[in-house]
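Please look through the sequence and the model shown here before reading on. The report that follows describes some of the features found in them.

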Amino acid sequence: MNSSAGLLGNMSYALQIFERDTFTTAFMKNLIMVLVWFSLSYINSIVVATFFMNRVFYGNPRYILFIHMVINDAIQLTVTITLFVLSYIFYTINVSFCCFFILVAVFTTRTSPVNLAGMAIERYISICNPLRHAQICTARRTYTLIGFIWFICVVPDITDLFVTLATESLSFFHTRVFCLRQNVFKDPILTYKRQAFDIIYFSCVFFTLVYTYIRILFVARVLSSEKQSAQRARNTILLHGGQLLMCMMSYTSPTVETVLRFILPGRILEIRFANYLIVYILPRFLSPIIYGVRDKEFRKYLKRYFVSDRCKGMSHRVNHSEEGENKAGLNKK
């Protein structure tokens, strides 16, 4: 990683306005972003509603961590897409508002990989040490873990704000800037601090991923008596691992983007837009699929409250229309 890279250290690349975009290109990019936001918000709202409408999930650490990730991703998506659209409409915004948007985006994006690492550990305990899983993974400890995740993700980056408050005059916070992290938190020492923490986070999440999933795959192969169930377990683990890897791409995406800019110098705008979609958007689609659709227990309640209600609504409309046709036929007679 270079000195400006790191987890969301250069998230501004994804949010940067593309001055050379034509009106049609800019319109299409913003339309795609808004449609993505509506689609994911609809999916996430159904998943969140299913969780809170069923108390059976309240005491399960797996689903608690899952719903925390869904809500966290929904906030991250809303903030980043809002900044994306505002960068086209207003170009510059007040520094105070920019600080708020940037910090929320940084916190939520940094939290996702760490939360997934926590979910990996919970799955590891469930499969590799099932007799002690209920004793170790309680709801209370899960909420404590979530608090700890937020603590270790917020503290390193909130210092950027304190350093800026100490080094910049108050008038700076009343000016307008293009909302990029480096335009607000300008002290050079913050770059080195971010690099150090990015290396620590990257290493911890990476080794957690590798260790837990190798152990889970090994145990799943040994204990699964049926080939079909073993294959399903491996597929779920691989999907979860792929999601973790994509979230971890946020650590290295600035470096990858820099390399691609040298390889494809005439495609800078396309590279930045594709980088944002792949690194920050695509992993958010996988969460509802892995735990909302593929999970048997969660899917059962999802169908009960939403699919069945929709089917009932459709059948009610069909019956209503048939009654109307029957009445019309009788009136003719």
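## The disulfide

Cys98 and Cys179 are joined by a disulfide, with 2.1 Å from S to S, where a disulfide is defined as a pair of cysteine sulfur atoms within 2.5 Å. The structure, which is a predicted model, holds 1 disulfide. Cys98 belongs to helix α4 (residues 95-128) and Cys179 to the loop between β2 (176-177) and α7 (181-184), so the pair ties together parts that are 81 residues apart in sequence. Helices (H or I, at least four residues) and strands (E, at least two) are DSSP runs, numbered from the N terminus.

Cys98 is buried, at a relative accessible area of 0%, and Cys179 counts as buried at 8%. Here buried means under 20% relative accessible area, exposed means over 50%, and partly exposed lies in between (1.4 Å probe, protein chains only). Cys153 is likewise buried, at 0%, whereas Cys204 is partly exposed, at 47%.

## Helix α6

The 29 residues of helix α6 (residues 139-167) should span 42 Å at 1.5 Å a residue, and the end C-alpha atoms are 43 Å apart, which agrees; the expected span is 1.5 Å times one less than the number of residues. A kink of about 35° lies at Val155, shortly before the proline Pro156, the bend being the angle between axes fitted to the seven residues ending at a residue and the seven starting there.

Among the buried residues of α6 are Thr142, Ile146, Ile149, Cys153, Pro156, Asp157, Asp160 and Thr164. An α-helix has 3.6 residues a turn, so residues three or four places apart point the same way.

## Aromatic rings

There are 16 aromatic pairs, counted where rings of Phe, Tyr and Trp (its six-membered ring) have centres within 6.5 Å; planes under 30 degrees apart are stacked, over 60 edge-to-face, and the rest tilted. One of these pairs, Phe84 and Phe273, is tilted, with 6.2 Å centre to centre and 45° between the planes. This pair links distant parts of the chain, with Phe84 in helix α3 (residues 61-89) and Phe273 in helix α10 (residues 268-293), 189 residues apart. Both Phe84 and Phe273 are buried.

Phe172 and Phe173 form an edge-to-face pair, at 5.5 Å and 75°, and both are buried. Ring pairs also link Phe51, Phe52, Phe57, Tyr58, Tyr63, Phe66, Phe298 and Tyr301 into a cluster.

## Basis of the values

Residues are numbered from 1 along each chain as its sequence is written, and side-chain values use heavy atoms, leaving out hydrogens and water. In this predicted model, local features need pLDDT of at least 70 and side-chain atom pairs count only at pLDDT 80 or more, while totals for chains, interfaces and linings use all residues.
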